[in-house]
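Subject: Structure for your review

Dear colleague,

Please find below the structure that I am handing over to you. I would be grateful if you kept it open while reading the notes that come after it.

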Amino acid sequence: MGAQRRSARAVVAHATLWLLLLSAHSACCKKKAEGSLLQLTDETLQAALQEHPLLLISVSVPDCEVCAALERQMKAAEAQLRVQAKNAVVLGRLKITSADSPVLARIVQGALTLPKLIIFREGEAMDYVGSFDKASILETMLRETSRDTIQGLRSVKQTERFLHLDSWSSQHADDEKPPRVVGFFPSNESAAYAVYRTSARK
């Protein structure tokens, strides 16, 4: 009888361990399937910009429901981006906890409207243009991974950022930055633009 009880306890213990391992495996696989976001703060942002050439960051504040909804869409997109973009894109969440945040002063340049997405290419902030859903995030960031060597500048703000004249760049005036060339052409069909485009690809 004692041997049977010991055997029964061993079976129960084995079954419990198996269930725990199965639960942990399922949670792990679910997390991988949903994707995850790089967690950033004001203190860690600069190091992340240096490490990752292409970043899409959600700026969020505590208890922000629209931020949480956006981040769920980002997590859904991250898993597909990891495969389709071959890890060329990193998605992150930058949590703002203070009104004195450098991000508010350097990047947002004024009142923070939520939800907020910012694209960083080689450390430079660019406007995210698109909807805040999985499909739009995928489309926008896949386009960014294959973006043309020549960037079209459609506003004064984009030109300032491109030429390092925005407030973010002024705060990093001592950082090494690649040279920038801006060309002005009557149209993209002109012969001069064709020469410019060919040169940019070399």
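The following paragraphs describe what was found, beginning with the chain as a whole.

Please bear in mind throughout that this is a predicted model.

**Overall composition**

The chain has 202 residues, and 31% of them count as buried. Its secondary structure consists of eight helices and five strands. As for contacts between residues at least 6 apart in sequence, 68% of them join residues that are at least 24 apart.

**The sheet**

In what order do the five strands of the open sheet stand? The order is β1-β3-β2-β4-β5, and the pairing is mixed. At the edges are β1 (38–40) and β5 (124–127), each of which pairs on one side only. On average, neighbouring strands of this sheet are turned by 35° against each other, with direction ignored.

Helix α2, formed by residues 42–51, lies across β1, β2 (54–60), β3 and β4. The helix runs at about 130° to β1.

**Salt bridges**

Arg93 belongs to strand β3 (residues 90–95) and Glu71 to helix α3 (residues 65–84); the two residues are 22 apart, and the pair links distant parts of the chain. Both Arg93 and Glu71 are buried.

Another is formed by Glu144 and Arg121, whose closest N and O atoms are 3.1 Å apart. Because Glu144 sits in helix α5 (residues 134–145) and Arg121 in strand β4 (residues 116–121), this pair ties together parts that are 23 residues apart in sequence. Are these two residues buried or partly exposed? Glu144 has a relative accessibility of 11% and therefore counts as buried, whereas Arg121, at 24%, counts as partly exposed.

A further salt bridge brings together the side chains of Glu139 and Arg143, at 3.8 Å from N to O. Why are these residues separated by about one helical turn? The reason is that Glu139 and Arg143 are four residues apart in helix α5. Glu139 is exposed, since its relative accessible area is 53%. Arg143, with a relative accessible area of 44%, is partly exposed.

**The aromatic pair**

How many aromatic pairs does a search of the whole structure find? The search finds one. The pair consists of Tyr128 and Phe132, and it is stacked: the centres are 6.0 Å apart, with 15° between the planes. Tyr128 is buried, as its relative accessible area is 10%. Phe132 counts as partly exposed, with a relative accessibility of 36%.

Yours sincerely,

A colleague

Terms used. Residues are numbered from 1 along each chain as its sequence is written. This is a predicted model: local features need pLDDT of at least 70, side-chain atom pairs count only at pLDDT 80 or more; totals for chains, interfaces and linings use all residues. Side-chain values use heavy atoms; hydrogens and water are left out. Buried means under 20% relative accessible area, exposed over 50%, partly exposed in between (1.4 Å probe, protein chains only). Contact means heavy atoms within 4.5 Å. Rings of Phe, Tyr and Trp (its six-membered ring) pair if their centres lie within 6.5 Å; planes under 30 degrees apart count as stacked, over 60 as edge-to-face and the rest as tilted. A salt bridge is a side-chain nitrogen of Lys or Arg within 4 Å of a carboxyl oxygen of Asp or Glu. Two strands pair if DSSP finds at least two bridges between them. Axes are lines fitted to C-alpha atoms, for helices over the stretch in contact, and angles run from 0 to 180 degrees between N-to-C directions.
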